[in-house]
There are 4 protein chains.
Amino acid sequence: MNKKKIINDPVYGFISIPSGFIFDLIQHPYFQRLRYIKQVSMTHLVYPGALHTRFQHALGAMHLMALAIETLRGKGIAITVEEEEAVLAAILLHDIGHGPFSHSLEHTLVEGVSHELLSALMMDELNTTFNGQLDKAIAIFNNRYPKKFLHQLVSGQLDIDRMDYLSRDSFFTGVAEGVISFDRIIKMLHVVDNELVIEQKGIYSVEKFLIARRLMYWQVYLHKTVLGAEQMLLKILQRAKELYEQGILLFASPSLEHFLRNKITRENFTENVTHLVHFSRLDDTDIWSAIKTWAYHDDHILRMLCSRLIARSLYRTELYSTAPQDHVIVDLEERAVKYFGITAADTAYYVWVQSIENSAYEQNNSTIKILMKDGSIQDIAEASDLSNLGTLSKKVQKFAVSFPKELLTIHHQ
Amino acid sequence: MNKKKIINDPVYGFISIPSGFIFDLIQHPYFQRLRYIKQVSMTHLVYPGALHTRFQHALGAMHLMALAIETLRGKGIAITVEEEEAVLAAILLHDIGHGPFSHSLEHTLVEGVSHELLSALMMDELNTTFNGQLDKAIAIFNNRYPKKFLHQLVSGQLDIDRMDYLSRDSFFTGVAEGVISFDRIIKMLHVVDNELVIEQKGIYSVEKFLIARRLMYWQVYLHKTVLGAEQMLLKILQRAKELYEQGILLFASPSLEHFLRNKITRENFTENVTHLVHFSRLDDTDIWSAIKTWAYHDDHILRMLCSRLIARSLYRTELYSTAPQDHVIVDLEERAVKYFGITAADTAYYVWVQSIENSAYEQNNSTIKILMKDGSIQDIAEASDLSNLGTLSKKVQKFAVSFPKELLTIHHQ
Amino acid sequence: MNKKKIINDPVYGFISIPSGFIFDLIQHPYFQRLRYIKQVSMTHLVYPGALHTRFQHALGAMHLMALAIETLRGKGIAITVEEEEAVLAAILLHDIGHGPFSHSLEHTLVEGVSHELLSALMMDELNTTFNGQLDKAIAIFNNRYPKKFLHQLVSGQLDIDRMDYLSRDSFFTGVAEGVISFDRIIKMLHVVDNELVIEQKGIYSVEKFLIARRLMYWQVYLHKTVLGAEQMLLKILQRAKELYEQGILLFASPSLEHFLRNKITRENFTENVTHLVHFSRLDDTDIWSAIKTWAYHDDHILRMLCSRLIARSLYRTELYSTAPQDHVIVDLEERAVKYFGITAADTAYYVWVQSIENSAYEQNNSTIKILMKDGSIQDIAEASDLSNLGTLSKKVQKFAVSFPKELLTIHHQ
Amino acid sequence: MNKKKIINDPVYGFISIPSGFIFDLIQHPYFQRLRYIKQVSMTHLVYPGALHTRFQHALGAMHLMALAIETLRGKGIAITVEEEEAVLAAILLHDIGHGPFSHSLEHTLVEGVSHELLSALMMDELNTTFNGQLDKAIAIFNNRYPKKFLHQLVSGQLDIDRMDYLSRDSFFTGVAEGVISFDRIIKMLHVVDNELVIEQKGIYSVEKFLIARRLMYWQVYLHKTVLGAEQMLLKILQRAKELYEQGILLFASPSLEHFLRNKITRENFTENVTHLVHFSRLDDTDIWSAIKTWAYHDDHILRMLCSRLIARSLYRTELYSTAPQDHVIVDLEERAVKYFGITAADTAYYVWVQSIENSAYEQNNSTIKILMKDGSIQDIAEASDLSNLGTLSKKVQKFAVSFPKELLTIHHQ
């Protein structure tokens, strides 16, 4: 069987599958599952094109990684064929542990279990299936491989992951602001003392990358309406679990029910393999088909949240740059009690505050290194004559208050 | 509330919602449902980017329609504000009756009920809801409106529907061959004697449009692997209905179960409003979450088909330009009996032939009219010096044979 | 004659000529001349695609202006049909006074005469030709029109001129960094108290615009190799004038010779209409065909500069962030004397320093105003949470030292 | 000196210069001259963006050639490093002999000397300069190299030359119709029995390529206004030569004058090396700066043609599908005599007919071979189910009649 496939990708044109082993990884049900997990969760409710998936992202990142390896080799950096395949596998699988709706439901279906832990577990499973062929990939992924720059390509402040997701999310949302020059950045990559660096003439592209990432955060990832919708999704799952605790059963696929019915924690997750089996069968469609059915359920909270979400009759979300004062929230809660005839205990399903924050560049994290023309290495924040790039490092915090917009109609009473 | 929204669209940049009424139509649950029905069904299994939906297509077509109206008015064609809103509503709703996976399951969930009939029923429902505001749109849609060219914009051989779907499908699949110059074609539209025509200088763009459509058919819409996957989907639904007839219940959302459990025909569909209610709640996720669960069902045929589909372990599909001889199929069926240990009666789930055909241009249908520089009107087939455009009218027929690829391994025995 | 033409533009697709008067302006030889003046002078020596002209830029800016007017009218801002035509004419003609190679030779062919003065003179000429039809356009151009925002659309820190040139220069150079979301910015334009403002939700697009402009400056407009080449061009013209002063005639078109032969200053330029007549016949091809011929002239300086420029055997240009110390320049000059056997007086043709500076945003100029959601108006520098947008206002100064690269070969002696 | 440069190209993103020798070829004045020869002559008078040059086209074709070589090697076709450099050099230099305004003035400046002959002469010159390093490239160019497919990549009905110029001309004119899937076609290339073939699954892309080429011919290359303008250019040069024969000198650069003054033919061209020296100094700017000056010359025919061309006051050109009858032309000539007061002998400068023809695919030329899935080789015309692709082979002939549009105003007398 010919495994040297070429896949059409609207972002890059064509993506080649480089080897039989990579082809087999892609064919595995764990990886095929990513076809049904949207990259940016509920963002499509604001940007209708944003239906792209973790599957496409993983393939795209693999494509960019291949370009990066080619560039580095062209500059004389030694990378063996095995290392190449390993770093391609590592980037391909870096998000394998994402659950339904990516980040939105992390820590909700399974309390305290991050997608990083799940990725690690699933990679180990795959490694067993493939008789240890993933040893090197896992070492790179976990930063235990001597050639440290390989890990930095997979995970860092200017990694291949970010290059693909910015390009891809920008493409599918239609938000041109997020476009970055991934090809130029990749051509400027180099390695000095085992560390990934950018050649000096690539400095403007890196600045642009940081700015693009910042703008995508505020314009897309942290868009207030998206934030509100994703929180509704989370509240729905919380409510469903509450009902199960009360012994009320709901329509759900067997694997979704498994997580609604059982109290699974970080501690007991790894003890029973059944949990991972069911997790590996979950995707967006389990959640969405359940929500569509729950929209006709007797529980008025579950019904209200679900029917609003499927009809895109979303909560109103307002952004503030300082924490809203208590009386503002209390006022909204009192209106909710009055308008919807609910108890005070239920107001958490009607009014909530989220704190969100973002910084474009983290100065105390693995920083972006510039290889100056004189051979020295500088941090991007020093090397840039955007004199105060440091401002990009400042954490910007905002507060999102969400509530049904009907509450505004009884505002001035 | 501000209903003059602007929506980001990766294909056209921005789409404006032109009026409050159109905004309200878009907000209606019937229309929001289209968010969850993929435009090109299972095509994403071959072209991973092709996850776009009927929702995006309907908005895109509305956008192009607004450009067409602007062009025609600029050429002095009288179109009232009411007619504009009506034709925008007509194109917006032209696919409202599509069920899950668009064409793949047409006539399967509900025997003999086409999406055109369903669209008509749902438009009537909406018209009732909106107090007759859709009267004119429905008249245009059904070609009962005096200004016949308005209907031709909605439905014809060079209509706005096709311009959007070719542009959009080409964009999201990444198949550059399908790109058409929709903006140039639209700028060349004119009306003579109440009929839509194309100005002569647009003739090359129309030729290109016909060629692009032809190529998209063979490269995307009738791609052999896509055909095979869609037929697997259909066979799954057939099997599920068979099991229900035998009294075997399956996991299914209430609305999906409604169609599995009941024998609904074109005749009784309109008699009971419940049918339409349930239909209007169905989308791709009902089917997909069911299939994921059925992949673990006891019935070996259902289990086999479902588990293969979700793991993309698809049937092999081969294309032939003449009908395969009986003995070829019989041979495959015999192998299936032997290899899978099934009865002869079950072979229809293992081996099948589909006949497919396509012509780029239909000469006896509403033809594309060219307005020549001397004022005369000619059919494109005459006007084009692609001397024999007539060849594009020829129906090309092919035959697709699908079967599990394991059968090849026992081929020469 | 049909003057409602549509022009293909690779950047925007199609550009419509909105009226017969605008069509006649475009047909005028003054405007047609812009077809032969490259927008970015010698930049094509570094970015080969950058051959686009002032002609295309002017049409593109007119196109964006039409979109801006449409947006503002849609928001209820009163703009009459006459005002629309006037502001379109104003932007169309805003660069009409540019001479050969745009900015490179400004103040060289005609000492002390800026392109702004020349534009004003040529607009007056056109106004006479067109019987005062440009009165309003000229008033807008000179900020003497009561609706001040019309002038701000033509000239300001976020004007239509910049939106087109950033988009266009980015497109033709292939430097993706310069891409801006002109369509989004335009849709966010509004007018408050007669002043152009940007709605708050457009703030990220404006930040992006400022960053893109900054990057284009350093990566394209002030690219060191381009700077060096443009300075060579200027030195060539200086040398040619020197030779004329010494009575040595050179091959030159009659109009170019007019400026080589005569001492024309800002003072006497307007006294004699012949000067403007000859100026209006000059474009890039006069200069280039002369330089090609001068490459074989007896004067060794002229010959050396010209033959190097046409063969792209450019001077080496090095950038410094502080003024180079005298001894560095003196050293280079001494090498030049030795290597080329020239006199000290001629070293100015072999070694030179240019001081360049740029700031992305000027705080004391007409600032960019943001219309906040609460109705207040803020300067972008305050409104942006890119906390210290002020850093973008900082003038960055660099120094470019140019010299023949052969001088390096005799470096360490 | 680092010769491994990367060049920005708006069409492909980045183009890498693969070796020091290729870098040196690009630096040679013969090649740098191509910077000043527009790829599509006067087309920019209709499509203002079409200012791209032979320089860009040659680099672009080299880029695609590198991709093609990479693809073929990936399929196991043996191509040595020397052969790769040779075929890259061959495609880089394939148009080196083009004179000013590419095809427009071929056979005019130098009667009977084609650009192919000039290319051959200049390649030989370069080969001498580079000590025989071009031996292999020249053998490939002239189809004297054993690996015949290398020549077919350079010149054939589906060669790299065409792939680049269709992509590039389409890009810069903004005519989306010309877009082809060069990347897909290249990925489908293969070699069988030393001949270049296309794998069967690439057949739709090839059809699309042929259609795109055909459309570009009629929409761009043979656009009636472009045809008229290019013919005016040719008539201007003819008139200039006539005047020189009469002893009337004109403003012209020395190299242009060389060709106006001397009677140079195919026979004597190679006898005197001066001819080639002057030819190699000519580019579009010699012609254009002369025409601008001639627009003020005493000769009324020269003045009229030149002043019209620079002000884009072009002749009217009408297309006919059959040869216009004599009386039509005679009538126009009589009007010209009357309207312009010229002699009958001069009417050839006022009224002319051009016969143009084009076929998308030539069946008796080196045909496009398809590698069928069964391993057989078929001609595209047979392999395509565009049943009658043969119609694309039909030569379409048209007749273009050009004349000053004033003649129409005295039409009905």
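**Ground rules.** I number residues from 1 along each chain as its sequence is written, with chains lettered from A and ligands numbered from 1 in the order in which they are written. Since the model is predicted, local features need pLDDT of at least 70 and side-chain atom pairs count only at pLDDT 80 or more, while totals for chains, interfaces and linings use all residues.

**Chain D against chain C.** I looked up the contact and found 33 residues from chain D and 33 residues from chain C. Two residues are in contact here if their C-beta atoms, placed from the backbone, lie within 7 Å. On the side of chain D that touches chain C, at least two residues each come from strand S1 (6–9) and from helices H2 (29–32), H3 (54–74), H8 (160–173) and H15 (284–294). Helices (H or I, at least four residues) and strands (E, at least two) are DSSP runs, numbered from the N terminus. H15(D) gives the largest share of that side, 6 residues. I then sorted the residues of this side of chain D by kind: 15 are nonpolar, 13 polar and 5 charged. Ala, Val, Leu, Ile, Met, Phe, Trp, Tyr, Cys and Pro count as nonpolar, Asp, Glu, Lys and Arg as charged, and the others, Gly among them, as polar.

**Chain D onto chain C.** A rotation of 180° with 0.0 Å of shift along its axis superposes chain D on chain C, with an RMSD of 0.0 Å. Copies are superposed by least squares on the C-alpha atoms of residues with pLDDT of at least 70 in both. Thr285(D) has the C-alpha of chain D nearest the axis, 2.6 Å from it. Both copies use the same surface, as 100% of the contact residues of chain D recur in chain C.

**Chain D onto chain A.** I repeated the search with chain A, and chain D superposes on it by a rotation of 180° with 0.0 Å of shift along the axis (RMSD 0.0 Å). That is the relation of a two-fold axis. Tyr12(D) comes closest to this axis among the residues of chain D, at 5.9 Å (C-alpha). Here too the same surface serves both copies, and 100% of the contact residues of chain D recur in chain A.

**Domains of chain A.** Chain A is divided into domain 1 (6–93 + 134–222 + 360–394) and domain 2 (315–359 + 395–413), with bounds from an automatic or database domain assignment. Their C-alpha centres lie 37 Å apart.
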